[in-house]
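User: Hi! I'm just starting out with protein structures, and I'd like to go through this one with you, a few questions at a time.

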Amino acid sequence: MSLISTFVAALLTLRSNQGLRRLDEARKAIHLVCSHVREMSHLIGTNVYPEDQQLGLLAARHLSIFLWTLKSYLHGSSSNEDDVVFAMLTSPNDAHFIIDYKFKPPVAILMRLRQIVYHLSSPDKNGKLRENKEVQKAIYQMMYRLNEALMTTERVRISPIPPLYTTHATRLLLFYLFWLPLAMYGALGGSGAAALLVTVVVGFAMLGLDEISLVLELPFQFMPLRQLSKISMRDSADAIVYRPPPL
């Protein structure tokens with residue numbers, strides 16, 4: 001039994017470490033998404049909106065719902081997020097473009113933002129360029145980084161710990177707990193109560209670790225994405241409403 005307990009402890013430890021690494025990677029990816037959305041909102045609020053208010057406001061509205069659509073994609077549900085999309089995007093065509101892109105709504109937002117930024121390179125009615133190349137380059141770089149962070153969240157979501165590894169660890173744990181009372185009964189001098197008590201304590205600890213490992217395999221399910229989505233939306237709105245005074 002001591003040999004089996006070593007294998008069980010090693011498997012549970014490896015599963016827990018893998019789950020913690022997934023959680024850390026997911027947190028860093030969401031942090032980058034929030035940071036890039038805020039930075040892009042500031043670029044739009046200070047450079048795009050003063051030159052073209054319609055395009056600036058359209059870009060800011062799309063950025064404000066980026067984290068909401070990402071939350072919908074990671075959780076696999078879109079009922080509440082659809083209402084947010086319709087509320088923020090006044091144009092039905094824009095709203096339906098995002099919602100109908102069921103597979104990855106955040107990608108649809110990035111496509112729309114690229115279209116907006118590209119349109120900024122065309123001259124207005126007076127023949128004047130809407131935005132300079134340096135600002136466009138900075139926005140493109142932020143969109144590229146945002147797309148990279150999005151790819152990280154996708155990788156964490158679609159590449160869980162191999163099921164065979166999880167199943168084997170659980171089966172070995174149950175096998176160990178099944179025979180543990182008999183081993184403890186002989187080791188404790190035939191005391192059934194003591195053997196039962198030890199089995200309960202060991203089972204509680206190991207089954208708890210097994211359950212924690214299962215929870216950590218889905219890190220986005222218990223992350224505060226709703227609160228972060230609200231904060232990101234507020235940041236995008238503040239970038240348009242509370243702009244710095246002119247120099």
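User: What is the volume of the largest cavity?

Analyst: Quick heads-up: this is a predicted model, where local features need pLDDT of at least 70, side-chain atom pairs count only at pLDDT 80 or more, and totals for chains, interfaces and linings use all residues. Residues are numbered from 1 along each chain as its sequence is written, and side-chain values use heavy atoms, with hydrogens and water left out. A cavity here is a set of points, on a 1 Å grid over the protein atoms alone, where a 1.4 Å probe fits but cannot get out; points are joined across faces, edges and corners, and the volume is the space filled by probe spheres set on them. For the largest cavity, that comes to about 50 Å³.

User: Which element gives the most residues to the lining of the largest cavity?

Analyst: Lining residues have an atom within 4 Å of a cavity point, and here they are Met40, Ile44, Val48, Ala59, Leu113, Ile116, Val117, Leu120 and Ile139. The elements giving two or more of them are helix H1 (2-48) and helix H6 (105-120); helices are DSSP runs (H or I, at least four residues), numbered from the N terminus. With four residues, the top contributor is H6.

User: Is Thr152 buried or exposed, and what does it touch?

Analyst: Thr152 sits in helix H7. It counts as buried because its relative accessibility is 18%. Not counting residues up to four places away in sequence, and taking contact as heavy atoms within 4.5 Å, Thr152 touches Glu25 and Ala29.

User: Which residues are joined with Arg15 into one network of salt bridges?

Analyst: A salt bridge is a side-chain nitrogen of Lys or Arg within 4 Å of a carboxyl oxygen of Asp or Glu. Arg15 pairs with Asp210 at 2.4 Å, N to O, and with Glu217, where the closest N and O atoms are 3.7 Å apart. Both Arg15 and Glu217 are buried, and Asp210 is buried too, with a relative accessible area of 7%. Shared partners make one network of Arg15 with Asp210 and Glu217.

User: How many residues apart in sequence are Glu154 and Lys104?

Analyst: The side chains of Glu154 and Lys104 meet in a salt bridge (2.6 Å, N to O). Glu154 is in helix H7 and Lys104 is in the loop between H5 and H6, so the pair ties together parts that are separated in sequence by 50 residues.

Note on methods:
On a 1 Å grid over the protein atoms alone, a cavity is a set of points where a 1.4 Å probe fits but cannot get out, and a pocket is an open set with protein on both sides within 12 Å along at least five of seven lines; lining residues have an atom within 4 Å of a point. Buried means under 20% relative accessible area, exposed over 50%, partly exposed in between (1.4 Å probe, protein chains only).
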